[in-house]
Amino acid sequence: MRIVHPEWRAEQLSGNYPFGDQATLINASGRSVGPDTFLDAHLYVIGAGLLYLSKIEIESGEVTLHVGDATHASLATATFSAAAPPEMLLLQDEFERSAGVLIADSQKLAAIAAWSDGIHVFTYDETNFVVACCLPMPQIGVRAIKLADGSLFTNDVVLVGSNGIVLRTEDNDGAAHCGVLAETFPTIRVDIVGDPLFVRKLCDGLEFTAPRPVRKLRVHNRGQTYEVTPDDHGNVTILTGDALATRPALRLREQSDGLVFEVLGTTIE
Amino acid sequence: MPKPGFFNDNANRAYPFLEGTAGVDTPDQGPLTLQQLPNGWIVDCGFTISPLVGNGPTALVVQLARVRRQNGVIYFEFAVPAGGTIIFSRVVGETEYLTEYQDSSMLNESASAEEGRCGGLFTTGYLVTGSLENVDQYLAEGDSIELGESDGPTVDPTLVQLQANTMVFGFRVGNDDRTRYEAPAECDPVEWPNELEEGVLHMQPFCLAGPVRLKPGFNCQIKQNNVDNSLTISAVLGAGEGQPCQQIQLSDRDTPPAGSTNGLLEGGFLCNEVIRTINGRGGPRLTIMSVHGVTVTSVSAEHRLVIDVNLNDMVTCYKSPDDESQS
């Protein structure tokens, strides 16, 4: 003889599970989620308190179940098509993180999907989940890195310095904190130093042509040759005459587009 | 009469497996399939899936893939999402309702073998076994029960917890390659050591975890707002460690090109190595002109400019001795 015990889900049909024993399952408008619509639940909403089914939103054939706590009515949601109610509903929070699973009787869920369009609100006393279904998920540590544009980064976060920003790691030598020795703190150092050849990078898409800079002037004069290199600022100075000639005829003047050599005197007409 | 209790109840039904996937037509003895697994062998289990696995329904699928007996030990091998395996073990004759916690094997070996992975490589689980007194009837020493064509024992999804996108394991730090000097087409190419290819990413081979701090370096300001839990990193000239006096390497591989005389990492020129201005006038085009008495010619092929002070259009006169006597 073999002893056969009722299967887990079948055993829950006789009670309010996964809702609390005292939950009424009926809201003020008379909408009932029924004792057997939901057969099981496992909820793990990050940062939540005591959870309950806060509202059922129906719009244009789409049904959204909201799970919340006393502070936030909508901490996690699960959506399904009224035309095809599933047996398993995956809950996600606003950041699309897993928040739990609801197991339902799809036929009874279809009856809920047939409610009128709108938001059907419930209170904690009406649809609280039994705590055995709710796993506390405190918000400790860094759960994610969020940017100003809403982008969310989790798991291994890769930080890359680019366009003149350099990231380095070093041992922290700051003050101790929270009882932890300072030297145990890994540190990311952010240096903003620029990119010397940034014009090359900016113009790369325009088929940048590498310039050939003039690096020195080689002067040939009366059989002698010498090279003139720029000073610390990259400047070369050309003078006419020397200190002995106070009023040299040969003049060199600068104008907006270059240099002009001329000799002062009367020109032939 | 059966003793009351959760485990005792589960010993007489498929749970913690889905109904119809375990305990189906279990024979009294002899070889069996996993689907026929005696209900009393496993009375509870639960799994927390690695955060690296996604959020979809398939992430909730955990199956008992094999039961084997070797050297007096029964091994229960569960297949978890993303290719990992959790193996629990029981000595034959072990006490009832023993609880064991285990981690899976590394998920997806090729991906998790990536250098410097910060964490999340494993799925964890627990197993509570019931009475294994009848194991001799079904599993001889050295035998195993493998997952066949039909679905094997599938763990109830309410016993599986997903963690995708719920935490930051740590940071990996690196730098995009700098913009590097390239020689003009007609010049000898620049040679870079350390296999520095265009677009290489300079990544540090380790992960930063635990209490990580951000530090403002050169020209950097970091503001922390404890109200909205935010950090703002800004470029401010002279902030942080001030302005740098030397170039900063992106990594140990970041070195000057072969033959560099100025030690610049990007292979460019220092300010005093190129003529930027002549008499304060800069380029990119500087025009040298002549007006009176000077001729400027160029020999482009030889990169030569000739400035000839030849007084070619100037009136030049001098007094001859005859002129002086007549005056």
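1. Two strands are said to pair if DSSP finds at least two bridges between them, strands (E, at least two residues) and helices (H or I, at least four) being DSSP runs numbered from the N terminus. In this predicted model, strand 10 (residues 155–161) of chain A pairs with strand 9 of chain B in the parallel sense, over seven bridges. Within this pairing, A:Val160 stands opposite B:Gly174.

2. The model is predicted, so that local features need pLDDT of at least 70 and side-chain atom pairs count only at pLDDT 80 or more, while totals for chains, interfaces and linings use all residues. Residues are numbered from 1 along each chain as its sequence is written, chains are lettered from A and ligands numbered from 1 in the order in which they are written, and side-chain values use heavy atoms, with hydrogens and water left out.

3. With contact taken as heavy atoms within 4.5 Å, chain A contributes 98 residues and chain B 101 residues. The buried area (accessible area, 1.4 Å probe, that two parts lose on being put together, summed over both) is about 8,500 Å², and carbon and sulfur atoms give 57% of this. On the side of chain B, the residues that lose the most area to chain A are B:Arg213, B:Ile275 and B:Asn279, together 9% of what that side buries.

4. Four salt bridges (a side-chain nitrogen of Lys or Arg within 4 Å of a carboxyl oxygen of Asp or Glu) are found across the interface. One of them joins A:Glu170 to B:Lys215, whose closest N and O atoms are 2.6 Å apart. Strand 9 (residues 168–176) of chain B gives the most to the side of chain B that touches chain A, with nine residues.
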